[in-house]
Amino acid sequence: MTSSNGGFTDEGLRKVREVLTRHVESGRVPGVVALIGRGDETHVEAIGTMRHDGGAPMGRDTIFRMASTSKPVTMAAAMVLLDECRLRLDDLVQTWLPELADRRVLKRIDGPLDDTVPARRPITVRDVLTSTFGLGMDITALGSPIMGAIIENGLTPDLPQPMPEPDEWLRRLGTLPLMHQPGERWQYHIASDLLGVLVARVTGQSFESFLRERVFGPLGMADTGFHVPAEKIDRLPALYAPDPQSGEFHVWDESADGRWSKPPAFPGGGGGLVSTVDDYHAYFRMLLDGGLHGGERVLSRPAVELMTTNRLTPEQTALRETLAKDNVHLSYGQGQHGGWGLGSAVRTYRGDYAPVGQFGWDGGSGTSTYADPEHGLVGIVLTQVGMTVPNSAQLIHDFWTTVYQAVDA
């Protein structure tokens, strides 16, 4: 246990540790690393082991697959380009992504792929950054032709076949109609991967090299990237996807020779990062500090405010609400925040212990990362158990419940 107790009560910190330990001792979560910080004060817990069957202990420097908690971090690349006026919110993306010109839109989201109408207008940068460009992973439309085509074309991660390299990925994306008119509805995930292709086309660099140069490097995020180099691979635990019926542990991704042991063909902004609690703390602390890190500016204050304020209209929020509330049994309660900024959820109502204004996101690999401007608080909790079962989601919920009890106002 590492603690300076600044801004937290001793009793509250004990409760955080006790709750996390209870989850590990249950045998359903092999290990967890958690960090809570206020200002310059941090408290870190590393509990359990790297593997279900034992192995090395979890450590503060354990590297985790961040899954969808990649989204709030990779968005910074686009914000750098907005700050430098190399992108504008209402620029047409077809300037750099001609594959997305002249879009067709499904008449019905569950209709045949050739039953379409012309898009009312072109796709803009704003549509991509707000996840409203017209395509996304929609669990309310599972089994529809468009969702089948997205999966069959390898446009989403987590499948046996890796995603193709960015130009081929975009070519395939360009063969599909949109689910909704540009700007009409919030749609999850695909926009975050499209963001990386857009950044690479605008800058002439790979998405990872631009992130490393402009975000990871300045913040000292030395363990963050789209793969784990060989000299660090022993710090990456196995990732498990337990059987939904029996709960039996199945390895979804090994460390050595696994998906993250070499650079991917597609550096996915939606879920491809690996990182540590300290690297993510540096990033979210920078956001709470208005874009500054150690006196150096990484993002402008207006860029941070744009990212971390709800961007959705009530009409755009309709699907967001449906995904969160009507499918709570599928997501184990994740995602009930109300709004969405750029790359992250933004709480617009008080639905649990966290206040309005908290921003961040959760990941399907059992990760959760949020910042709270009201309390100046960053919280990060990382496991290696995917959300095929509710165990890591329940640990995440319990972590946040105890974190807010530990805050010494």
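Throughout these legends, contact means that heavy atoms lie within 4.5 Å. The structure shown is a predicted model, in which local features need pLDDT of at least 70 and side-chain atom pairs count only at pLDDT 80 or more, whereas totals for chains, interfaces and linings use all residues. Residues are numbered from 1 along each chain as its sequence is written, and side-chain values use heavy atoms, with hydrogens and water left out. Helices (H or I, at least four residues) and strands (E, at least two) are DSSP runs, numbered from the N terminus.

View 1. With residues up to four places away in sequence not counted, Thr 69 touches Tyr 280, Trp 361, Asp 362, Gly 363, Thr 367, Ser 368 and Thr 369. Thr 69 counts as buried because its relative accessibility is 0%; here buried means under 20% relative accessible area, exposed means over 50%, and partly exposed lies in between, for a 1.4 Å probe and protein chains only.

**View 2. Packing of helix 2 (residues 71–83) with helix 6 (residues 190–203).** Two packed helices are described by the angle between their axes and the distance between the axes. For helix 2 and helix 6 the angle is about 30°, and the axes are 10 Å apart, which makes helix 2 roughly parallel to helix 6. Axes are lines fitted to C-alpha atoms, for helices over the stretch in contact, and angles run from 0 to 180 degrees between N-to-C directions; those under 35 degrees count as roughly parallel, those over 145 as roughly antiparallel, those of 65 to 115 as roughly perpendicular and the rest as oblique. From helix 2, the residues Lys 71, Thr 74, Met 75, Ala 77, Ala 78 and Leu 81 meet Ser 192, Leu 195, Val 199, Val 202 and Thr 203 of helix 6. Seven nonpolar, three polar and one charged residue make up this contact of helix 2 with helix 6, where Ala, Val, Leu, Ile, Met, Phe, Trp, Tyr, Cys and Pro count as nonpolar, Asp, Glu, Lys and Arg as charged, and the others, Gly among them, as polar.

**View 3. Packing of helix 2 with helix 7 (residues 207–219).** The axes of helix 2 and helix 7 come within 9 Å and cross at roughly 80°, so helix 2 is roughly perpendicular to helix 7. Helix 2 contributes Val 73, Thr 74, Ala 76, Ala 77, Val 80 and Leu 81 to the contact, and helix 7 contributes Phe 207, Phe 210, Leu 211, Arg 214, Val 215 and Phe 216. In the contact of helix 2 with helix 7 there are 10 nonpolar residues, one polar and one charged.

**View 4. Leu 219 in helix 7.** Leu 219 is buried, with a relative accessible area of 4%. With residues up to four places away in sequence not counted, Leu 219 touches Ala 282, Tyr 283, Met 286, His 293 and Val 298. Although Leu 219 and Asp 278 are 59 residues apart in sequence, the two are 11 Å apart in space, C-alpha to C-alpha.

**View 5. Strand 2 (residues 31–38) and its pairing partners.** Eight of the eight residues of strand 2 are buried, so strand 2 is largely enclosed by the rest of the structure. In a regular strand the side chains alternate between the two faces of the sheet. Gly 31, Val 33, Leu 35 and Gly 37 point one way from strand 2, whereas Val 32, Ala 34, Ile 36 and Arg 38 point the other way. Strand 2 pairs in the antiparallel sense with strand 3 (residues 41–51) over eight bridges and with strand 17 (residues 377–383), also in the antiparallel sense, over seven bridges; two strands pair if DSSP finds at least two bridges between them. Towards strand 3, Gly 37 has Thr 42 as its bridge partner and Ile 36 stands opposite His 43, while Arg 38 stands opposite Leu 377 in strand 17. The hairpin of strand 2 and strand 3 has two residues between the strands, and Gly 39 in the turn has a positive phi of about 60°.
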